[in-house]
Amino acid sequence: MLSAVFSRSIHRVREDFDVPTNSLIGAHGYCTQELVNLLLTGRAVSNVFNDIVQLDSGKGDVTVLRGIAARSEIGLLSLFEHYNVCQVGSFLKTPKFPIWVVCSESHFSVLFCLRKELVNDWKIEKRFDLYYYDGLANQQEEIHLTIDNTQTYLCSSDSELIPPLEQCIRTKWKSAVVDWNGTEPIL
């Protein structure tokens, strides 16, 4: 973290914040979105949408909210988007490399694809494999997922338990069918 802060400079990190009193570490020692964005993009902006949003009060006051300025090398998928708390922009959803940090269930994990062309060729998005790693879960076995966009996911009942990871995946691939390939889905 210190390397990222000093590379950007403390002054510029504070300028990135929407509110100057924001911080990189939040309640209970959790990292803030600003820290996640600093590590992913090199800028400690407060939001995950693309570019800048200007909010006009109608009385001449304009509040500027800063988001992600350009396509990131590594992406982000968030369970918060599934719950309509935020909207992750395409600069994070479609990174330069097929690697996504996943914000789900109060911690971070990673999804990645071995085929780099996934993020550059929409035809490959029809059916592809992702690998999942969660270091907090002391994961010992490989979790290999097949994402199928040639079919449409249909929730069979209101009582069906849907793995949060699948909900994160569907923030990018809306109706994807997720095959856990014999691994027990993580609930």
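A polar contact is a pair of N or O atoms within 3.5 Å. In this predicted model, the side chains of Ser-109 and Tyr-132 make one, at 2.9 Å. The structure also holds 7 salt bridges.

**Ser-109**
- Ser-109 sits in strand E5, residues 107-112.
- Its relative accessibility is 8%, so Ser-109 counts as buried.
- Beyond its neighbours within four places in sequence, Ser-109 touches Trp-100, Val-101, Val-102, Tyr-132, Tyr-133 and Asp-134.
- Phe-128 is 19 residues from Ser-109 along the chain, and their C-alpha atoms are 19 Å apart.

**Strand E3**
- In a regular strand, side chains alternate between the two faces of the sheet.
- Strand E3 (residues 75-78) is covered on both faces.
- Gly-75 and Leu-77 are buried on one side, Leu-76 and Ser-78 on the other.
- E3 runs parallel to strand E4 (residues 99-104), and 4 bridges join them.
- Leu-76 stands opposite Val-101 in E4.

**Salt bridges**
- Asp-16 and Arg-8 meet through their side chains at 2.8 Å, N to O. Both residues are buried.
- Glu-81 and Lys-93 form another, at 2.9 Å, N to O. This pair links helix H4 (residues 79-82) to helix H5 (residues 90-93), with Glu-81 and Lys-93 12 residues apart.
- Glu-81 is buried at 9% relative accessible area, and Lys-93 is buried at 12%.
- Asp-148 bridges to Arg-127, with the closest N and O atoms 3.2 Å apart. Asp-148 lies in strand E7 and Arg-127 in strand E6, so the pair ties together parts 21 residues apart in sequence.
- Asp-148 is buried at 5% relative accessibility, whereas Arg-127 is exposed at 51%.

Note on methods:
Residues are numbered from 1 along each chain as its sequence is written. This is a predicted model: local features need pLDDT of at least 70, side-chain atom pairs count only at pLDDT 80 or more; totals for chains, interfaces and linings use all residues. Side-chain values use heavy atoms; hydrogens and water are left out. Helices (H or I, at least four residues) and strands (E, at least two) are DSSP runs, numbered from the N terminus. Buried means under 20% relative accessible area, exposed over 50%, partly exposed in between (1.4 Å probe, protein chains only). Contact means heavy atoms within 4.5 Å. A polar contact is a pair of N or O atoms within 3.5 Å; within protein, one must be able to donate a hydrogen and the other to accept it, and residues adjacent in sequence count only if both atoms are side-chain atoms. Two strands pair if DSSP finds at least two bridges between them. A salt bridge is a side-chain nitrogen of Lys or Arg within 4 Å of a carboxyl oxygen of Asp or Glu.
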